[in-house]
Structure formats: C-alpha cells, structure tokens
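Thanks for making the time this morning.

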Amino acid sequence: MDPSTHPVPIATFTINPTVDLSLEVARLRPEGKSRARLRSIRGGGGGINVARGVRRLGGTALALHTAGREVGARLNRLLDDEGLAHLPVDIGEDTREALVIAERESASSYHVVPEGPTLSAAEERHCLDMITRTARHCDYFVLSGSATPGLSAEFSATVARTVADAGAALIADIAGSQLTTMLAERVFLVRLDRVEAAALIGRPISGYDDACAANALLLERGACEHAITTVGALGAVCSDRNGHRVIAAPHLPTPPRSDACAGDSLVAAITHQLAEGADVPLACELGVAAAAATVMLPGTDIFESATVDTLAARVRAVRATGSVTE
C-alpha cells in the first residue's frame, strides 16, 4: 500500500518484528520431549500488533515494518494472508523468529525472543525515509516495539522530529536507551510499562501513586502532552497538564494467561479511539479494557472486540487529587 495514494488515519512502525510460532503443551518437561500442538504462526512485534488491534476494533491502520531475507518473506506472506495492510522495508539480515509456549497445566505462557537483526546505516536511513513518507499521510503515527541491536542512539528521537514535522501525532511505546533519548523531544503521547516507569523515578511501580509520579516527571520535562503508565492488573494512570486520571482494570472472569500483547492492545485501542474523535482519558479506558481482554488469552493472541466491549463497561475511572504543571 502506498500511503501517498491511500492515506490512513493510523500508521505504525516496527523496526524489529517477529514471526511468532505459538505452541501449546500440557506441561514443559526438563527431560525427553514435550509434545506440542501448533496454535498459530503469525507476524508480530509492537507496531504490527497495534495495527492488528486497530483493525480488530473496526479501524484502519498501515503497519510499516522491516523485513529481511527468508523469514522476512514469510512475515510478508503471513500479513498478506491475514489481510493486514502493511508496507515492508527490506533489510539484509533475517527477520527474527520467536517461540511462544502456552502450558495448560499451569495456565502460564513463555515468550522466547531473540535480539534480532542488525541494520546498516543505509537501512536505518531507508526506514526514516519511509517513516517520513508515511507520516505525511496519517493523523496518528505509532512507534512501538523493541529496538534492533546496535540501533543508532538518536533513531527514535529522529522519528519524533520527523513525525512532528510531517504534522502527525506521535504515540510512543518504546523502551531502554531509545526511550531515554526520545524524551528530549516532545511527542503527543508516551506509554510506559512498569519497568520503564520504575527506571524513570528510581523505585518500583507498585500502585497508582507511583504511576502518577512517573507521568508527572514526563510532563514536567516537557517530553509529551499525555503520559500513560500501566500498573499491571491494577490498570493504568493517564495524565496531562491538568492532572491524573486513575483507570482501574475490570475484574477478569477467568485467570490471566499471558501479558505478551497487553501493552500493544492498550495502545491499539487508545489510538483507534483517538482516530474516532475520543479524548485521551476516555480512549485510555477502552485501552485498559482491551489489555484486560488480551491477558485472558494464551501466547500472543489479542482481544476479541466483543470481550473488550463487555469489560469496558466494568472499567472504573476517577480523577486523582492534585494537578500537573509543565
């Protein structure tokens, strides 16, 4: 799909996608063979999962991603077969493959992910060129997923400037040094998980107050207009310069199975709602419901829209005391 001739409300970028092989076993055994049932083979990675979630909610998104050699060709075929609109950026090394194992006996999931390919300087520039071209023809651009090994320290910061110059709103769900560098820029929305939020404030994120502190720090730095920190099974805190909103996750009708795609589901629902005209706090409520619907599923499965609708009615949101000033 050419974004210049087929503009979309939402575009995503995944620099380090995967082909996820999902298996199910009764119990993982330390010796002998653990007989498995193949559950699915699908393309994955942050931005691809976000685009999939947007589509599942009835929206339209274009997934921009790298694709290298034989595994990259397989990734492209899988996304084509799924009917997901995507635009590959060719690279010289193989796209990574990941293994997801769901264990029935413990209701646990294990996600084993290699680090992925290394991009050349020319390939990084090609990615940035494609991001520039795509961001000119969308309203929201989502940067999501893990980085490739050796990625230039300024890559995500450059994406932030590029998307802003193109006139799109950037939603960032990234980690590590790429997040740290990008925070010197100003983006529309940043989503933090508990690990990144804890690194930011120097203490574990154990409750809503800690999440408020992490969001406040981002806003005080001028890094973003909106900050969302997730607090596991508790839900999330959504903040802007006017204050914090605590969004309590609904009670799950079944035990959680896997959190592998919970954050991607949250971002997908938020971005879809924003594209539909909702404000950020209201969009975040649906995001929390989508994350809750996803953790009920094993492996890298993501929510069904009907389940999201059911859980959304049970989400509770309250404004926290105090305000945030930039």
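I will begin with the basis of the values, then turn to the helices and finally to the cysteines.

This is a predicted model, in which local features need pLDDT of at least 70 and side-chain atom pairs count only at pLDDT 80 or more, while totals for chains, interfaces and linings use all residues. Residues are numbered from 1 along each chain as its sequence is written, and side-chain values use heavy atoms, with hydrogens and water left out.

Helix 3, residues 121-135, packs against helix 4, residues 155-166, at an angle of about 25 degrees, and their axes are 9 Å apart; the axes are lines fitted to C-alpha atoms over the stretch in contact, with angles running from 0 to 180 degrees between N-to-C directions. That angle makes helix 3 roughly parallel to helix 4, a label used for angles under 35 degrees. On the helix 3 side the contact (heavy atoms within 4.5 Å) includes Glu124, Cys127 and Leu128, and on the helix 4 side it includes Phe155, Thr158 and Val159.

Now, how many disulfides does a search of the whole structure find? It finds 0, where a disulfide is a pair of cysteine sulfur atoms within 2.5 Å. For cysteine 224 the closest cysteine sulfur, in cysteine 238, is 10 Å away, which is too far for a bond. Cysteine 284 is also in no disulfide, with the sulfur of cysteine 238 the nearest at 4.6 Å. Cysteine 284 is buried at a relative accessible area of 0%, buried being under 20% with a 1.4 Å probe and protein chains only.

Notes: Helices (H or I, at least four residues) and strands (E, at least two) are DSSP runs, numbered from the N terminus. Angles under 35 degrees count as roughly parallel, over 145 as roughly antiparallel, 65 to 115 as roughly perpendicular and the rest as oblique. Buried means under 20% relative accessible area, exposed over 50%, partly exposed in between (1.4 Å probe, protein chains only).
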